[in-house]
Amino acid sequence: MDDYSILVVDDNPDDQVLTVRALKNASKNSPVIVLEDGQEALDFLFGDEKTASRRNLDTLGVILLDVKLPRVNGLEVLKHIRSSPLTNWMPVIMISSSDEPSELVEAYRLGANSYITKAIDYHEFTEQMTLLARYWLTVNKVPESGSVRKL
């Protein structure tokens, strides 16, 4: 699945750098797209037919979505992703610096594929992102182009 890109939506610049570094180490051929808030994610995923959103979806393999985002929070973005036939099959990993049980429950209720609490330690965080990338980009399979991707 190295041909698919990874969408990272996180407003913390330090976490963005660490996440991209770990993802690139785990999967050198997968482009990483970084967005900083929930509205940017919705625009990227659901722009109208005149935008590049359909092309974005054709090459996307997994979404790493921070729970607490400016403008539109991650749980609202997840709700939009799961409500659209264009994206409801897409693996979405919720990431958070919080251990709030209600967020965890809500993320799974809305259809998250996984929920990761960001490690505070640099090495542990890097290990989390590396393991996550290896699983979702090399072990996990997503539908090929031409199946649900072309609805």
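These legends walk through a few close-up views of one predicted model.

Residues are numbered from 1 along each chain as its sequence is written. In this predicted model, local features need pLDDT of at least 70 and side-chain atom pairs count only at pLDDT 80 or more, while totals for chains, interfaces and linings use all residues; side-chain values use heavy atoms, with hydrogens and water left out.

**View 1. The whole protein chain.** Here you can find 6 helices and 5 strands, where helices (H or I, at least four residues) and strands (E, at least two) are DSSP runs numbered from the N terminus. Followed along the sequence, their pattern is β-α-β-α-α-β-α-β-α-β-α. Of the 151 residues, 51% are buried (under 20% relative accessible area; exposed is over 50%, partly exposed in between; 1.4 Å probe, protein chains only). Among contacts (heavy atoms within 4.5 Å) between residues at least 6 apart in sequence, 67% join residues at least 24 apart.

View 2. Look for Ile95, whose bridge partner in β5 is Ile116. Together with helix α5 (residues 101–109), the two strands make a right-handed β-α-β unit: with the strands pointing away from the viewer, the path from the first strand over the helix to the second runs clockwise. Helix α5 also holds Glu106, which counts as partly exposed because its relative accessibility is 24%. The C-alpha atoms of Glu106 and Leu75 are 7.7 Å apart, although 31 residues separate the two in sequence.

View 3. Beyond its neighbours within four places in sequence, Leu7 is in contact with residues including Ile33, Leu35, Phe44 and Val62.

**View 4. Thr87 in its loop.** Which loop holds Thr87? Thr87 sits between α4 and β4, and it counts as buried because its relative accessibility is 1%. A polar atom of the Thr87 side chain lies 2.6 Å from the backbone oxygen of Ile81. Leaving aside neighbours within four places in sequence, Thr87 is in contact with Phe46, Leu57, His80, Ile81 and Arg82.

Definitions and conventions. Pairing = 2+ DSSP bridges. Polar contact = N/O pair within 3.5 Å; in protein donor to acceptor, adjacent residues only side chain to side chain.
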